[in-house]
Amino acid sequence: MAIREIIRMGHPTLCQVARLLQPHELSGEPVRELLADMVDTLHHAGAIGLAAPQINASVRLAIIEIPGGNSRYGEIPAMPLTVFVNPEVQLLDGELAGYWEGCLSVPGLRGFVERPQHARVHALDLQGNAFELELKGFLATVFQHEFDHLDGRLCVDRLKDSSLLVYEDMLAELPGPGPAVLDD
Ligand code: NI
């Protein structure tokens with residue numbers, strides 16, 4: 001297990017569509033090692049989500065872990081560390097809400113991105129079993145941000161215009177249209 005370097009915007013891996021993991025790979029040592037490194041890297045960064053491409057592994061694997069209660073993300077439901085293999089997002093409602101999103105791969109910047117706020121996630125767990133989660137509000141945004149990484153897309157790719165991309169230290173000076181989404 002190891003803390004891995006988080007690659008940043010400009011690295012070609014972040015622009016690639018990551019490949020699907022095959023079920024037989026899930027119990028193999030390479031995926032187990034990658035996952036252990038992802039957990040270490042996520043915890044070291046103090047973040048709530050990490051996708052494999054962010055540590056330069058172009059496979060469809062992501063982890064999310066959300067502290068519950070009144071965290072720095074506001075009042076949101078907790079989610080224990082959860083592994084998502086080959087996740088897909090199904091939008092259930094097109095109604096949008098925006099947050100100032102941050103990303104470990106775009107350090108120092110925040111982008112205001114509007115996304116649908118009601119979605120269902122279909123994924124496999126590490127045993128290869130399919131599961132689903134229904135997500136609303138902030139959580140729907142978190143998952144869409146995270147899984148965008150698997151399609152080679154960063155939150156900055158979803159900005160309407162450059163006025164919605166700011167340095168973190170400028171954020172407090174703006175009229176705030178929503179809480180920040182930090183570090184995923
Ligand atoms: Ni990100």
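This is a dialogue on reading strand 6, Glu114 and the largest pocket in a predicted model.

Colleague: What should I know about the model and its numbering?

Modeller: The model is predicted, so to speak of local features takes pLDDT of at least 70 and side-chain atom pairs count only at pLDDT 80 or more, while totals for chains, interfaces and linings use all residues. Residues are numbered from 1 along each chain as its sequence is written, and side-chain values use heavy atoms, with hydrogens and water left out.

Colleague: Which strands pair with strand 6?

Modeller: Two strands pair if DSSP finds at least two bridges between them. Strand 5 runs antiparallel to strand 6, with 12 bridges; Gln90 has Arg120 of strand 6 as its bridge partner. Strand 7 (residues 130-136) is also antiparallel to strand 6, over seven bridges, and His122 is partnered there by Glu132. Strand 8 (residues 165-167) pairs in the antiparallel sense over three bridges, with Gly111 opposite Leu165.

Colleague: What does Glu114 touch?

Modeller: Contact means heavy atoms within 4.5 Å. Glu114 lies in strand 6 (residues 109-124) and is partly exposed, at a relative accessible area of 35%. Beyond neighbours within four places in sequence, Glu114 contacts Leu96, Ala97, Gly98 and Lys160. A polar contact is a pair of N or O atoms within 3.5 Å; within protein, one must be able to donate a hydrogen and the other to accept it, and residues adjacent in sequence count only if both atoms are side-chain atoms. The side chains of Glu114 and Lys160 form one at 2.5 Å.

Colleague: How is the largest pocket lined?

Modeller: Rolling a probe the size of a water molecule over the atoms shows where empty space is left. On a 1 Å grid over the protein atoms alone, a pocket is an open set of points where a 1.4 Å probe fits, with protein on both sides within 12 Å along at least five of seven lines; lining residues have an atom within 4 Å of a point. Strand 5 (79-101), strand 6 and helix 2 (138-148) each supply at least two lining residues, and strand 5 gives the most, with four.

Technical notes: Buried means under 20% relative accessible area, exposed over 50%, partly exposed in between (1.4 Å probe, protein chains only). Grid points are joined across faces, edges and corners, and a volume is the space filled by probe spheres set on the points.
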